[in-house]
Amino acid sequence: MTVLSLAPMAGITDQVFRRLCFEQGCDWATTEMVSAQGFLTAPSDRNAYRFLLARFPEEGRLSVQLFGSEPAYFARAAERLAGLGLFSSIDINMGCPAQKVVGGQSGSALMKDPALACRIVESTVKASSLPVTVKMRLGWDEEHKNAVDFARGLEQAGAAGLTVHGRTRMQQYSGKADWQAIGEVKRAVSIPVIANGDIVDGKTALEALRVTGCDGLAIGRGALGNPWIFAEIRAAIEKKPYTPPPFSQVIDTAMRQAREMAEWKGERSALLEMRKHFAWYTAGRRNSAQVRTKVNLANSFEEVEELLRSLLPE
Ligand SMILES: Cc1cc2nc3c(=O)[nH]c(=O)nc-3n(C[C@H](O)[C@H](O)[C@H](O)COP(=O)(O)O)c2cc1C
(Lines give C-alpha, C1' and ligand atoms only; values in the text may rest on other atoms or scores of the structure.)
Protein backbone atom coordinates (compact mmCIF):
# COMPACT_ATOMS: atom_id res chain seq x y z
CA MET A 1 0.00 0.00 0.00
CA THR A 2 1.25 3.48 -0.82
CA VAL A 3 2.38 5.22 2.34
CA LEU A 4 1.15 8.78 2.80
CA SER A 5 3.28 10.68 5.26
CA LEU A 6 3.25 14.15 6.73
CA ALA A 7 6.69 15.69 6.06
CA PRO A 8 8.36 17.22 9.12
CA MET A 9 7.95 21.00 9.33
CA ALA A 10 9.58 22.91 12.18
CA GLY A 11 7.07 25.12 13.98
CA ILE A 12 4.13 23.30 12.37
CA THR A 13 3.98 19.50 12.72
CA ASP A 14 3.22 19.40 16.44
CA GLN A 15 0.91 16.81 18.02
CA VAL A 16 -2.22 18.88 17.47
CA PHE A 17 -1.69 19.36 13.76
CA ARG A 18 -0.46 15.81 13.28
CA ARG A 19 -3.60 14.37 14.89
CA LEU A 20 -5.77 16.26 12.39
CA CYS A 21 -3.71 14.75 9.57
CA PHE A 22 -3.92 11.24 11.00
CA GLU A 23 -7.71 11.60 11.20
CA GLN A 24 -7.72 12.28 7.45
CA GLY A 25 -5.74 9.17 6.53
CA CYS A 26 -2.10 10.15 7.03
CA ASP A 27 -0.20 6.90 7.70
CA TRP A 28 2.99 8.23 9.17
CA ALA A 29 4.21 11.53 10.54
CA THR A 30 7.45 12.99 11.84
CA THR A 31 8.02 15.39 14.71
CA GLU A 32 9.60 18.78 14.12
CA MET A 33 13.38 18.47 14.00
CA VAL A 34 15.14 18.10 17.34
CA SER A 35 18.84 18.84 17.92
CA ALA A 36 20.59 15.63 19.05
CA GLN A 37 23.07 17.60 21.11
CA GLY A 38 20.48 20.04 22.45
CA PHE A 39 18.21 17.20 23.56
CA LEU A 40 21.06 15.52 25.40
CA THR A 41 22.31 18.61 27.17
CA ALA A 42 19.02 20.40 27.96
CA PRO A 43 17.62 20.13 31.48
CA SER A 44 14.89 17.47 31.38
CA ASP A 45 12.13 19.96 32.25
CA ARG A 46 13.03 22.34 29.39
CA ASN A 47 9.74 23.32 27.82
CA ALA A 48 11.10 23.33 24.27
CA TYR A 49 11.83 19.59 24.33
CA ARG A 50 8.67 18.72 26.22
CA PHE A 51 6.71 20.38 23.41
CA LEU A 52 8.84 19.01 20.57
CA LEU A 53 8.56 15.43 21.79
CA ALA A 54 4.92 15.46 22.91
CA ARG A 55 2.57 13.07 21.16
CA PHE A 56 -1.07 12.16 21.56
CA PRO A 57 -1.63 8.43 22.19
CA GLU A 58 -4.14 8.22 19.36
CA GLU A 59 -1.70 9.44 16.73
CA GLY A 60 -0.48 6.78 14.30
CA ARG A 61 3.07 5.83 13.38
CA LEU A 62 5.39 8.64 14.46
CA SER A 63 9.05 9.19 13.73
CA VAL A 64 11.21 11.54 15.79
CA GLN A 65 13.58 13.61 13.70
CA LEU A 66 17.10 14.42 14.85
CA PHE A 67 19.60 16.85 13.39
CA GLY A 68 23.25 17.32 14.20
CA SER A 69 26.68 16.37 12.94
CA GLU A 70 28.30 14.27 15.68
CA PRO A 71 27.71 10.49 15.44
CA ALA A 72 28.14 9.98 19.20
CA TYR A 73 25.36 12.50 20.00
CA PHE A 74 23.02 10.78 17.57
CA ALA A 75 23.73 7.44 19.16
CA ARG A 76 23.04 8.63 22.70
CA ALA A 77 20.00 10.68 21.73
CA ALA A 78 18.55 7.79 19.69
CA GLU A 79 19.02 5.37 22.56
CA ARG A 80 17.24 7.70 24.98
CA LEU A 81 14.45 8.54 22.56
CA ALA A 82 13.85 4.87 21.75
CA GLY A 83 13.62 4.26 25.51
CA LEU A 84 10.72 6.72 25.83
CA GLY A 85 8.47 4.29 23.97
CA LEU A 86 6.76 7.11 22.09
CA PHE A 87 8.18 6.72 18.61
CA SER A 88 8.20 4.01 15.96
CA SER A 89 11.37 5.16 14.18
CA ILE A 90 14.20 7.68 14.23
CA ASP A 91 14.60 9.98 11.24
CA ILE A 92 17.82 11.84 10.52
CA ASN A 93 17.66 15.27 8.93
CA MET A 94 20.02 15.52 5.96
CA GLY A 95 17.85 17.98 4.06
CA CYS A 96 17.43 21.18 6.03
CA PRO A 97 18.88 24.10 4.03
CA ALA A 98 18.76 26.76 6.80
CA GLN A 99 22.05 28.57 7.32
CA LYS A 100 22.01 28.07 11.08
CA VAL A 101 21.72 24.31 10.55
CA VAL A 102 24.15 23.83 7.65
CA GLY A 103 26.61 26.19 9.35
CA GLY A 104 26.98 23.52 12.03
CA GLN A 105 27.63 20.86 9.37
CA SER A 106 24.12 19.49 9.97
CA GLY A 107 21.04 19.06 7.76
CA SER A 108 21.78 19.21 4.03
CA ALA A 109 25.48 19.99 4.71
CA LEU A 110 25.81 16.26 5.42
CA MET A 111 25.24 15.61 1.72
CA LYS A 112 28.68 17.20 1.16
CA ASP A 113 30.26 14.67 3.53
CA PRO A 114 28.83 11.23 2.70
CA ALA A 115 31.38 9.46 4.91
CA LEU A 116 30.20 11.41 7.97
CA ALA A 117 26.55 10.91 6.97
CA CYS A 118 27.14 7.14 6.86
CA ARG A 119 28.92 7.15 10.21
CA ILE A 120 25.95 8.97 11.73
CA VAL A 121 23.54 6.36 10.37
CA GLU A 122 25.74 3.48 11.53
CA SER A 123 26.07 4.82 15.08
CA THR A 124 22.36 5.59 15.32
CA VAL A 125 21.39 2.14 14.05
CA LYS A 126 23.78 0.47 16.47
CA ALA A 127 22.48 2.42 19.47
CA SER A 128 18.74 2.31 18.81
CA SER A 129 16.24 -0.50 18.84
CA LEU A 130 14.11 1.45 16.34
CA PRO A 131 14.45 1.56 12.55
CA VAL A 132 16.49 4.55 11.35
CA THR A 133 15.45 6.50 8.25
CA VAL A 134 16.96 9.54 6.53
CA LYS A 135 15.40 12.60 4.94
CA MET A 136 17.66 13.95 2.20
CA ARG A 137 17.73 16.15 -0.90
CA LEU A 138 19.20 15.66 -4.39
CA GLY A 139 22.56 17.12 -3.38
CA TRP A 140 24.17 20.39 -2.36
CA ASP A 141 23.87 22.27 -5.66
CA GLU A 142 23.40 21.75 -9.39
CA GLU A 143 27.06 20.69 -9.77
CA HIS A 144 26.93 18.25 -6.86
CA LYS A 145 23.83 16.13 -7.28
CA ASN A 146 25.04 13.00 -5.51
CA ALA A 147 21.70 11.62 -4.30
CA VAL A 148 22.06 8.21 -5.96
CA ASP A 149 25.51 7.38 -4.53
CA PHE A 150 24.62 9.03 -1.24
CA ALA A 151 21.47 6.91 -0.92
CA ARG A 152 23.41 3.71 -1.72
CA GLY A 153 25.88 4.57 1.05
CA LEU A 154 23.10 5.19 3.56
CA GLU A 155 21.47 1.89 2.67
CA GLN A 156 24.77 0.09 3.29
CA ALA A 157 25.14 1.97 6.57
CA GLY A 158 21.85 0.48 7.74
CA ALA A 159 19.15 3.03 6.86
CA ALA A 160 15.74 1.37 6.80
CA GLY A 161 14.17 3.90 4.42
CA LEU A 162 14.65 7.27 2.74
CA THR A 163 12.52 10.32 2.07
CA VAL A 164 13.90 12.31 -0.86
CA HIS A 165 13.00 15.96 -1.41
CA GLY A 166 13.56 16.58 -5.11
CA ARG A 167 15.62 19.76 -4.79
CA THR A 168 19.22 20.66 -4.01
CA ARG A 169 20.19 22.60 -0.89
CA MET A 170 20.94 25.69 -2.97
CA GLN A 171 17.44 25.62 -4.46
CA GLN A 172 16.03 25.80 -0.92
CA TYR A 173 12.32 25.79 -1.81
CA SER A 174 12.53 27.48 -5.24
CA GLY A 175 12.07 25.96 -8.68
CA LYS A 176 10.24 22.67 -9.12
CA ALA A 177 10.96 19.41 -7.35
CA ASP A 178 12.63 16.99 -9.78
CA TRP A 179 10.60 13.80 -9.50
CA GLN A 180 12.65 12.05 -12.23
CA ALA A 181 15.74 12.41 -10.05
CA ILE A 182 13.84 10.96 -7.06
CA GLY A 183 12.97 7.99 -9.32
CA GLU A 184 16.69 7.41 -9.98
CA VAL A 185 17.27 7.14 -6.22
CA LYS A 186 14.33 4.75 -5.87
CA ARG A 187 15.75 2.47 -8.56
CA ALA A 188 19.25 2.52 -7.02
CA VAL A 189 18.34 1.10 -3.60
CA SER A 190 16.18 -1.71 -2.27
CA ILE A 191 14.93 0.01 0.91
CA PRO A 192 11.61 1.93 0.72
CA VAL A 193 11.84 5.42 -0.77
CA ILE A 194 9.26 8.15 -0.15
CA ALA A 195 9.00 10.96 -2.71
CA ASN A 196 8.72 14.54 -1.47
CA GLY A 197 8.29 17.97 -2.98
CA ASP A 198 5.40 19.86 -4.59
CA ILE A 199 2.73 17.22 -4.01
CA VAL A 200 -0.29 19.41 -3.41
CA ASP A 201 -3.40 17.44 -4.45
CA GLY A 202 -4.63 14.15 -5.86
CA LYS A 203 -3.42 14.93 -9.37
CA THR A 204 0.16 15.80 -8.40
CA ALA A 205 0.24 12.80 -6.06
CA LEU A 206 -0.65 10.36 -8.86
CA GLU A 207 1.87 12.01 -11.17
CA ALA A 208 4.64 11.87 -8.53
CA LEU A 209 3.92 8.18 -7.94
CA ARG A 210 3.98 7.46 -11.68
CA VAL A 211 7.22 9.34 -12.32
CA THR A 212 9.17 8.21 -9.25
CA GLY A 213 7.82 4.68 -8.77
CA CYS A 214 8.24 5.38 -5.05
CA ASP A 215 6.72 3.46 -2.14
CA GLY A 216 5.01 6.50 -0.72
CA LEU A 217 4.64 10.26 -0.68
CA ALA A 218 5.56 12.86 1.93
CA ILE A 219 3.38 15.96 2.00
CA GLY A 220 4.62 19.19 3.55
CA ARG A 221 3.25 22.55 2.47
CA GLY A 222 0.27 20.95 0.74
CA ALA A 223 -1.09 20.04 4.18
CA LEU A 224 -0.96 23.59 5.55
CA GLY A 225 -4.51 24.62 6.29
CA ASN A 226 -5.51 21.41 4.51
CA PRO A 227 -5.19 18.22 6.57
CA TRP A 228 -7.84 16.81 4.18
CA ILE A 229 -5.13 16.44 1.52
CA PHE A 230 -4.48 12.92 2.85
CA ALA A 231 -8.10 11.91 2.21
CA GLU A 232 -7.95 13.56 -1.21
CA ILE A 233 -4.78 11.69 -2.21
CA ARG A 234 -6.03 8.36 -0.88
CA ALA A 235 -9.25 8.83 -2.86
CA ALA A 236 -7.22 9.61 -6.01
CA ILE A 237 -5.10 6.47 -5.53
CA GLU A 238 -8.21 4.35 -5.03
CA LYS A 239 -9.95 6.08 -7.96
CA LYS A 240 -12.75 7.24 -5.67
CA PRO A 241 -14.46 10.63 -5.75
CA TYR A 242 -13.33 13.27 -3.27
CA THR A 243 -15.35 16.24 -2.05
CA PRO A 244 -13.46 18.97 -0.19
CA PRO A 245 -15.01 20.03 3.14
CA PRO A 246 -17.34 23.04 3.15
CA PHE A 247 -15.73 26.22 4.48
CA SER A 248 -17.80 26.02 7.69
CA GLN A 249 -16.03 22.74 8.45
CA VAL A 250 -12.68 24.31 7.64
CA ILE A 251 -13.40 27.01 10.25
CA ASP A 252 -14.53 24.41 12.79
CA THR A 253 -11.28 22.52 12.25
CA ALA A 254 -9.16 25.66 12.57
CA MET A 255 -10.91 26.53 15.84
CA ARG A 256 -10.57 22.99 17.13
CA GLN A 257 -6.83 23.09 16.40
CA ALA A 258 -6.64 26.45 18.21
CA ARG A 259 -8.49 25.20 21.31
CA GLU A 260 -6.46 21.99 21.50
CA MET A 261 -3.29 24.01 21.25
CA ALA A 262 -4.55 26.37 23.97
CA GLU A 263 -5.25 23.45 26.32
CA TRP A 264 -1.69 22.36 25.79
CA LYS A 265 0.29 25.61 25.70
CA GLY A 266 -2.08 28.24 27.05
CA GLU A 267 -4.32 30.64 25.12
CA ARG A 268 -1.75 33.41 24.65
CA SER A 269 0.88 31.12 23.01
CA ALA A 270 -1.81 29.36 21.01
CA LEU A 271 -3.16 32.68 19.68
CA LEU A 272 0.30 33.60 18.43
CA GLU A 273 1.15 30.18 17.02
CA MET A 274 -2.22 29.81 15.33
CA ARG A 275 -1.91 33.05 13.33
CA LYS A 276 -0.08 31.33 10.49
CA HIS A 277 -2.53 28.40 10.54
CA PHE A 278 -5.54 30.76 10.39
CA ALA A 279 -3.92 32.41 7.35
CA TRP A 280 -3.48 29.01 5.65
CA TYR A 281 -7.02 27.86 6.44
CA THR A 282 -8.49 31.02 4.91
CA ALA A 283 -6.03 31.53 2.01
CA GLY A 284 -7.72 32.34 -1.27
CA ARG A 285 -11.11 33.30 0.26
CA ARG A 286 -12.61 36.67 -0.66
CA ASN A 287 -11.65 39.32 1.96
CA SER A 288 -9.29 36.92 3.68
CA ALA A 289 -6.40 39.42 3.61
CA GLN A 290 -8.37 42.03 5.63
CA VAL A 291 -9.68 39.41 8.02
CA ARG A 292 -6.16 38.06 8.52
CA THR A 293 -4.90 41.47 9.63
CA LYS A 294 -7.72 41.64 12.22
CA VAL A 295 -7.11 38.05 13.35
CA ASN A 296 -3.49 38.98 14.07
CA LEU A 297 -4.71 41.72 16.42
CA ALA A 298 -7.36 39.61 18.15
CA ASN A 299 -7.03 38.93 21.87
CA SER A 300 -9.29 35.90 22.19
CA PHE A 301 -10.46 32.89 20.23
CA GLU A 302 -14.05 34.17 20.40
CA GLU A 303 -12.92 37.22 18.43
CA VAL A 304 -10.99 35.06 15.98
CA GLU A 305 -13.94 32.75 15.41
CA GLU A 306 -16.28 35.66 14.70
CA LEU A 307 -13.78 37.05 12.19
CA LEU A 308 -13.38 33.70 10.44
CA ARG A 309 -17.16 33.21 10.29
CA SER A 310 -17.50 36.63 8.62
CA LEU A 311 -15.85 34.98 5.59
CA LEU A 312 -18.74 32.52 5.22
CA PRO A 313 -21.27 33.31 2.49
CA GLU A 314 -24.52 34.82 3.91
C1 LIG B 1 8.20 25.73 7.37
C2 LIG B 1 8.94 24.48 7.00
C3 LIG B 1 9.63 23.79 7.98
C4 LIG B 1 10.34 22.63 7.65
N5 LIG B 1 10.99 21.94 8.65
C6 LIG B 1 11.62 20.76 8.34
C7 LIG B 1 12.20 19.95 9.36
O8 LIG B 1 12.16 20.27 10.57
N9 LIG B 1 12.81 18.79 8.98
C10 LIG B 1 12.88 18.40 7.66
O11 LIG B 1 13.45 17.34 7.36
N12 LIG B 1 12.32 19.14 6.69
C13 LIG B 1 11.69 20.28 6.99
N14 LIG B 1 11.05 21.00 6.00
C15 LIG B 1 11.03 20.46 4.62
C16 LIG B 1 9.76 19.66 4.34
O17 LIG B 1 9.71 18.50 5.16
C18 LIG B 1 9.68 19.23 2.86
O19 LIG B 1 10.82 18.47 2.56
C20 LIG B 1 9.63 20.41 1.90
O21 LIG B 1 8.75 21.41 2.36
C22 LIG B 1 9.21 19.96 0.50
O23 LIG B 1 7.98 19.31 0.52
P24 LIG B 1 6.59 20.06 0.13
O25 LIG B 1 6.75 20.60 -1.27
O26 LIG B 1 5.54 18.99 0.22
O27 LIG B 1 6.41 21.16 1.12
C28 LIG B 1 10.36 22.17 6.30
C29 LIG B 1 9.65 22.86 5.33
C30 LIG B 1 8.94 24.00 5.65
C31 LIG B 1 8.18 24.72 4.57
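A salt bridge is taken here as a side-chain nitrogen of Lys or Arg lying within 4 Å of a carboxyl oxygen of Asp or Glu, and by this rule the count comes to 17. The model is predicted, so that local features need pLDDT of at least 70 and side-chain atom pairs count only at pLDDT 80 or more, while totals for chains, interfaces and linings use all residues. Residues are numbered from 1 along each chain as its sequence is written, and side-chain values use heavy atoms, with hydrogens and water left out.

**View A. Salt bridge between Asp198 and Arg167.** The side chains of Asp198 and Arg167 meet at 2.9 Å, N to O. Asp198 sits in the loop between β7 (193–196) and α9 (202–212), and Arg167 in the loop between β6 (161–165) and α8 (179–188), 31 residues apart; helices (H or I, at least four residues) and strands (E, at least two) are DSSP runs, numbered from the N terminus. Arg167 is buried, with a relative accessible area of 1%, where buried means under 20%, exposed over 50% and partly exposed in between (1.4 Å probe, protein chains only).

**View B. Salt bridge between Glu305 and Arg259.** The closest N and O atoms of Glu305 and Arg259 are 3.1 Å apart, and the pair links helix α14 to helix α11 across 46 residues. Glu305 is buried at 18% relative accessible area, whereas Arg259 is partly exposed at 35%. Elsewhere, salt bridges that share partners join Arg19, Glu23, Glu58, Arg256 and Glu260 into one network.

**View C. Aromatic pair of Phe51 and Trp264.** The structure holds three aromatic pairs, defined as rings of Phe, Tyr and Trp (its six-membered ring) with centres within 6.5 Å, and called stacked with planes under 30 degrees apart, edge-to-face over 60 and tilted for the rest. One of them, Phe39 with Tyr49, is tilted, at 6.3 Å centre to centre and 55° between the planes. The pair of Phe51 and Trp264 is edge-to-face, with 5.3 Å centre to centre and 80° between the planes. Phe51 lies in helix α3 and Trp264 in helix α11 (residues 247–265), so the pair ties together parts that are 213 residues apart in sequence.

**View D. Negative surface patch with Glu267, Glu302, Glu303 and Glu306.** Patches are made of residues with over 30% relative accessible area and no salt bridge, like charges being joined within 9 Å and nonpolar side chains (Val, Leu, Ile, Met, Phe, Trp, Tyr) within 5 Å. Helix α14 (residues 301–309) gives the most to the negative patch, with three residues, while Glu267 is found in helix α12 (residues 267–282) and is partly exposed at 37%.

Conventions
Accessible areas come from the Shrake-Rupley method with a 1.4 Å probe; for residues, only the protein chains shown count as cover. Lys and Arg count as positive and Asp and Glu as negative; His and the chain ends are not counted. The place of a charge is taken as NZ of Lys, CZ of Arg, CG of Asp or CD of Glu.
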